[in-house]
Amino acid sequence: MHILVLGSGAGGGVPQWNCNCPVCRAAWDGDPRVAPRTQSSIAVSADGNDWCLINCSPDLRQQIISNPQLHPRNPDEHGKRDTPIAAVMLTNADVDHVAGLLTLREKQSFNLFATGRILDVLAQNKIFDVLDPDCVTRTQFALGAATEVIPGLTVEAFAVPGKVALYLEDGADTQGGGLEIGGQSEDTIGLKFTFDNGAKSMFYIPGCAAMPDALADRIRGAELVLFDGTVWHDDEMIARRVGRKTGHRMGHMSMAGQGGSIAALAGLDIGRKVFIHINNTNPVLIEGTPEHEQVHAEGWELAYDGMELTL
Ligand code: MLT
Ligand code: MN
Ligand code: ZN
């Protein structure tokens, strides 16, 4: 199985267009300690020919240009219009995960897989009809069922603690609507890829608000886990004066601290642990900071754009 990291940043990327936080400022200034990052997405392939995109970031066009694996193939064999992208899967309906679907118009055939809930969100937003239904099939996958999304690549979806997309909150928390954070539903899912007849597994969980025991048991012993690396401290956006929300309020567990992901995934016997969807406020993005050093000392890697992982 081939895994290609198209984008490793959280919403906004690094640098974010309007941000002067320390990481973004360093990126604007060309500081070599900070690598620019596009918004999170990976491509997965069983054979290196057909690829499945997991999430479609607003940076998708640039990500395709930067990765030759996703360029149109030889016109003599594949014709005047071609793409190795055969399928797209979505893990939630956040802007940073669905806006890139608009880049995939131009009457190109592919299969779009998502939960019923996420397909409903797309259906309610007419702009996604630019994906011509004669070319793009929308297939609902049920949680818990294994789906072969491209030849040789079987995926199982499961709910993880999260929340609805920001633009669907409708002021639910302030107007007494009871916005649920950390609930498990079809709004936010993780994906398990299996191969070698189920002997090996890779998990993709770019958004996760908590680590209940059942989820820890599910990922225990996996060869590879790519996990939500949005924030280091829960309150770092507030502390850096670039936002009012905690990581938890946005549906993300922090890396550090007792309830953090570093502690939660320690001792789960996972072969390789990689943080992805890393927000530009996260100090791990500056090489040499204590946080950057600690992440590596704890046995984690930080995904970077163009990172290739093979299992
Ligand atoms: C998130 O990951 O929390 C979202 O992408 C935030 C957003 O929609 O801006
Ligand atoms: Mn996001
Ligand atoms: Zn920033």
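This is a predicted model: local features need pLDDT of at least 70, side-chain atom pairs count only at pLDDT 80 or more; totals for chains, interfaces and linings use all residues.
Contact here means heavy atoms within 4.5 Å.

Residues are numbered from 1 along each chain as its sequence is written, chains are lettered from A and ligands numbered from 1 in the order in which they are written, and side-chain values use heavy atoms, with hydrogens and water left out.

**Whole chain**

Switch to cartoon view and you have nine helices and 14 strands; these are DSSP runs numbered from the N terminus, with helices being H or I of at least four residues and strands E of at least two. The radius of gyration is 19 Å, close to the 19 Å that the globule rule gives for 311 residues, so the chain is as compact as a globular protein of that length. (That radius is taken over C-alpha atoms, and the rule is 2.2 Å times the number of residues to the power 0.38.) Buried residues account for 51% of the 311, where buried means under 20% relative accessible area, exposed over 50% and partly exposed in between, using a 1.4 Å probe and protein chains only.

**The manganese ion**

Now select ligand 2, the manganese ion. D96 (OD) and H277 (NE2) coordinate it at 2.1 to 2.2 Å. Those two come from distant parts of the chain, 181 residues apart: D96 sits in helix 4 (residues 95-98), while H277 is in the loop between strand 12 (272-276) and helix 9 (290-297). Both D96 and H277 are buried. Donors are N, O and S atoms within 2.8 Å of the metal (3.2 Å for Na, K and Ca), and water is not among the atoms, so sites may look incomplete.

Next, pick T91, in the loop between strand 4 (85-89) and helix 4. At 1% relative accessibility, T91 counts as buried. Show its contacts beyond four places in sequence and you'll find, among them, N55, H97, I118, D187 and Y204.

Follow I118 into helix 5 (residues 116-124), where G116, I118, L119, V121 and L122 are buried. What lies over those buried residues? The cover includes helix 4, strand 5 (110-114), strand 6 (136-140) and strand 9 (183-195).

Most residues other than glycine have a negative phi, and most peptide bonds are trans. Here are some exceptions to click on.

- N55 has a positive phi of about 70°. Find N55 in the loop between strand 3 (51-54) and helix 2 (60-66); its relative accessible area is 0%, so N55 is buried.
- K107 also has a positive phi, about 55°. K107 lies in the loop between helix 4 and strand 5 and is exposed, at 61% relative accessible area.
- The peptide bond from V14 to P15 is cis, with omega near -5°. P15 belongs to the loop between strand 1 (2-7) and helix 1 (22-28).

**Last stop: V225**

Finish in strand 11 (residues 224-228), at V225. Is V225 buried or exposed? It counts as buried, at 0% relative accessibility. Draw a distance to F203, 22 residues away along the chain: the C-alpha atoms are separated by 4.7 Å. Beyond four places in sequence, V225 touches residues including F203, I219, L265 and V274.
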